[in-house]
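Here is a briefing on one protein chain.

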Amino acid sequence: GPLNQPFYQYRIDDAKASYVGLDVGTKFRTGLYGTHIAASLSNLGTSGQYQGAAIKRFATDEFRPGAVQVDLSTQELQMPTLFRFSVRSDVLGASDALLGTNDQFNMIAVFEATDAIDTDVQTIAALQLSFREMVYLRAGKRWTNEKETEFRGFSHGAAVGGGLKLPVGGGRRLSFDYAYTGMSDLQNVQVFSLEFGF
């Protein structure tokens, strides 16, 4: 699977914390109904602590002349390690799809679970239906298991959307996507994207 070894640095004015991290993942095609299983581990690495001029102060001491430099106490923090597990399956369209082959329509289903050191386990389920790889309809649901959060109903984390991919000549494509997500306090979250590929 893919392997990535990044160096991270987080900054605020006159202070920074440095980390060395590793991302690793793998994907496996099962051979059953176009099903792929994938897993990844992100931000596996060192911890860091803010240092710099922003956390230095000068204090006076009645027993010594002049000011003495002192550092404010900062906490050492671990990188936000994230484990992700997903299953993707062809429902319709491909030769090994669950509901059979179809030249016009294609449907895929995705399930994903993520667990991070700074959040609770979250799960996602989604479906995408496409027509001739030009018109797309999508629906999905994210379940958040945050402690201290009341149940907000099924619409919290539910999303719908669609898109168009149009050939514009010379192997280029013009794509437009729209998505709507219900997120309770952040009502009416809408995302529009336009892409020109060449």
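Two strands count as paired if DSSP finds at least two bridges between them. On that basis, G25 stands opposite S40 in β4. The model is predicted. Its protein chain has 15 strands and 0 helices.

**Chain overview**

- The protein chain has 198 residues, and 21% of them count as buried.
- Take the contacts between residues at least 6 apart in sequence: 40% of them join residues at least 24 apart.

- Strand β3 covers residues 15-29 and strand β4 covers residues 36-45; they run antiparallel and are joined by 8 bridges.
- The β3 and β4 hairpin leaves 6 residues between the strands. Among these strands' connecting features, G31 takes a positive phi near 85° in the hairpin.
- β4 also runs antiparallel to strand β9, residues 82-92, with 7 bridges joining them.
- S42 has L82 in β9 as its bridge partner.

- β9 pairs with β10 in the antiparallel sense, over 10 bridges.
- Within that pairing, F83 stands opposite D115 in β10.
- β10 pairs in turn with β11, again antiparallel and over 10 bridges.
- A109 stands opposite L127 in β11.
- β10 and β11 form a hairpin, with 5 residues between them.

- β12 and β13 run antiparallel and are joined by 7 bridges.
- G140 stands opposite A159 in β13.
- β13 and β14 pair in the antiparallel sense over 10 bridges.
- These two strands, β13 and β14, form a hairpin with 2 residues between them. G170 lies in the turn and has a positive phi of about 65°.

**P167**

- P167 sits in strand β13.
- Is P167 buried or exposed? P167 counts as exposed because its relative accessibility is 55%, and the cut-off for exposed is over 50%.
- The bridge partner of P167 in β14 is R173.
- Beyond its neighbours within four places in sequence, P167 is in contact with M134, R172 and R173.
- P167 and G197 lie 30 residues apart in sequence, and their C-alpha atoms are 9.6 Å apart in space.

**The largest pocket**

- The largest pocket holds about 370 Å³ of space.
- Which residues lie nearest the centre of the largest pocket? They are A126, R138, A139, G140 and A159, out of 23 lining residues.
- Five strands each supply at least two residues of the lining: β10 (105-116), β11 (122-131), β12 (135-144), β13 (158-169) and β14 (172-183).
- The lining has 12 nonpolar, 6 polar and 5 charged residues.

Conventions: Residues numbered from 1 in each chain as written. Predicted model: local features only at pLDDT ≥ 70, side-chain atom pairs only at ≥ 80, totals over all residues. Heavy atoms only, no water. 1 Å grid on protein atoms, 1.4 Å probe; cavity = no way out; pocket = protein on both sides within 12 Å on 5 of 7 lines; lining within 4 Å. Points joined across faces, edges and corners; volume = space filled by probe spheres on them. Helix = DSSP H or I, 4+ residues; strand = E, 2+ residues; numbered from the N terminus. Nonpolar A, V, L, I, M, F, W, Y, C, P; charged D, E, K, R; others polar. Buried < 20%, exposed > 50% of the residue type's maximum accessible area, 1.4 Å probe, protein only. Contact = heavy atoms within 4.5 Å.
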